[in-house]
Amino acid sequence: MNPATLIILSLLLVSWPIQPTPSHAFDSIFSFGDSYIDTGNRNLLGKKFSDPPYSDYLPYGQTFFHRPSGRYSDGRLIVDFLAEEFGLPYLKPYLGKKGSFRQGANFAVDGATALDPTFFKQHNLTVGVSPLKTTISSQLQWFKELKPSLCQTTKDCRDYFGRSLFIVGLIEERDYFNMDSRTDLNMMMSYAPTIVRIIGGTIKELLDQGARTVVVPGIIPMGCLPSILTDFNFHGDNSSYDLKTGCIETYNKLSRYHNSLLLKAVKELRVKYPRAKIIFADIYKPVMNFVRFPQRYGFTSKPLVVCCGKGGEYNWLSFAMCGSPHVTACQNPSTYLNWDGLRLTETAYRYITKSWLRGPYADPPILDARTK
């Protein structure tokens with residue numbers, strides 16, 4: 001994409017408001033993933049295990065909700081902006097089990113993985129696995145448990161889910177984060193096909209249950225995350241970095257490889273399910289644009305520095321994370337790309353959502369997929 005085109009697209013993303021679509025293109029939304037779209041399931045699990053997460057405390061939620069809302073950001077997430085677009089209520093966490101889920105449910109949980117915890121142990125990839133860790137398979141099981149309350153017959157389910165928007169993804173980077181720090185790039189890349197195969201299998205099951213419009217997000221440029229930049233500092237070895245952005249190129253290479261496999265899986269599913277709309281939603285490219293050209297999007301602060309954190313080159317240290325005592329947030333989160341070292345700010349999520357609804361970073365754009 002040439003620079004002139006990029007400038008035009010960035011201006012459009014900044015100027016486009018998110019407004020309810022008059023046709024109410026979807027009657028409900030169901031989401032599966034991790035902290036990028038979790039609206040409270042991790043909080044509910046934490047209370048069950050007497051382990052409240054950081055997101056249970058301010059300054060999480062300060063920008064929009066003005067209180068902790070179970071979301072790992074200063075405000076709204078991608079799923080919240082999608083709900084606003086289609087005139088739907090914000091997604092309730094499934095584990096809350098309160099009220100009706102006729103207009104959708106959120107199964108996403110912070111820390112969720114595609115791989116089962118036993119996989120990590122069997123391959124000596126991690127030191128230990130918390131009982132709070134959930135997988136995409138467990139989220140799919142929750143969906144199946146909820147299904148009888150939403151529809152009864154096969155026809156009813158196909159009609160109902162055919163008017164629903166499904167989001168499956170923004171989860172897989174956790175599989176790589178959970179691998180032991182000694183795991184090298186080639187080893188992590190060797191597990192990517194297995195991770196993608198699990199995601200693809202989940203999508204297939206949802207399609208068989210009656211889903212007809214599925215958004216499949218890729219993963220972010222992991223090498224641009226302040227937490228990765230801090231934990232895997234190469235101490236002056238410039239060959240490991242992209243000198244134009246300051247990101248760790250080896251981790252971004254892993255992200256690109258994973259996304260290429262995921263896009264291939266999406267294309268294969270389109271062939272098997274020609275009547276479905278299976279949307280590949282690219283989060284890698286918009287985030288890289290934010291990093292390369294932060295001023296165009298209003299990110300006047302350094303794009304690799306955390307808004308809510310404390311200490312270190314990137315304002316992020318593992319023992320002083322956002323939500324901890326004496327850790328404060330920046331004065332204006334809207335000028336920051338990264339919120340807490342791992343997740344993004346509300347402003348960043350708004351731009352990403354716009355690029356998925358109307359393009360150019362969704363294939364096809366969500367609005368086009370529903371209207372055609």
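## A disulfide between Cys-151 and Cys-157

Let's start with sulfur: Cys-151 and Cys-157 are joined by a disulfide, with 2.0 Å between their sulfur atoms. Please keep in mind that the model is predicted. The link of Cys-151 and Cys-157 is right-handed, with 100° about the S-S bond.

Are the two partners buried or exposed? Cys-151 has a relative accessible area of 8%, and Cys-157 comes in at 3%. Because buried means under 20% relative accessible area, Cys-151 counts as buried, and Cys-157 does too.

The structure holds four disulfides, and two of them deserve a joint look here. One joins Cys-307 to Cys-330, with a distance of 2.0 Å from S to S. Its S-S torsion is about -90°, so the disulfide of Cys-307 and Cys-330 is left-handed. Cys-307 lies in the loop between helix H11 (284-292) and H12, and Cys-330 lies in the loop between H11 and H12 as well, so this pair ties together parts that are 23 residues apart in sequence. Both Cys-307 and Cys-330 are buried.

The other disulfide is formed by Cys-308 and Cys-322, whose sulfur atoms are 2.0 Å apart. Here the torsion about the S-S bond is about 90°, so the disulfide of Cys-308 and Cys-322 is right-handed. Cys-308 and Cys-322 each lie in the loop between H11 and H12, so the pair ties together parts that are 14 residues apart in sequence. Cys-308 is buried, as is Cys-322.

## How the cysteines pair up

What pattern do the disulfides of the protein follow, with bonded cysteines counted along the chain? The pattern is 1-2, 3-4, 5-8, 6-7.

Now for the charged side chains. How many salt bridges does a search of the whole structure find? The search finds 15 salt bridges. One of the salt bridges pairs Arg-71 with Asp-80, and the closest N and O atoms of that pair are 2.8 Å apart.

Asp-340 and Arg-343 give another example: their side chains meet in a salt bridge, at 2.8 Å from N to O. Asp-340 is buried, and Arg-343 is buried too.

## A salt-bridge network

Which residues are linked with them in a network of salt bridges? The network takes in Asp-34, Asp-110 and Arg-174 along with Asp-340 and Arg-343.

Arg-350 and Glu-346 are four residues apart in helix H12 (residues 346-358), so they are separated by about one helical turn.

How accessible are the two partners? Arg-350 has 23% relative accessibility and counts as partly exposed, whereas Glu-346 is buried, with a relative accessible area of 5%. The two fall into separate classes because the cut-off for buried is under 20% relative accessible area, and Arg-350 stands at 23% while Glu-346 stands at 5%.

Key: Residues are numbered from 1 along each chain as its sequence is written. This is a predicted model: local features need pLDDT of at least 70, side-chain atom pairs count only at pLDDT 80 or more; totals for chains, interfaces and linings use all residues. Side-chain values use heavy atoms; hydrogens and water are left out. A salt bridge is a side-chain nitrogen of Lys or Arg within 4 Å of a carboxyl oxygen of Asp or Glu. Buried means under 20% relative accessible area, exposed over 50%, partly exposed in between (1.4 Å probe, protein chains only). Helices (H or I, at least four residues) and strands (E, at least two) are DSSP runs, numbered from the N terminus. A disulfide is a pair of cysteine sulfur atoms within 2.5 Å.
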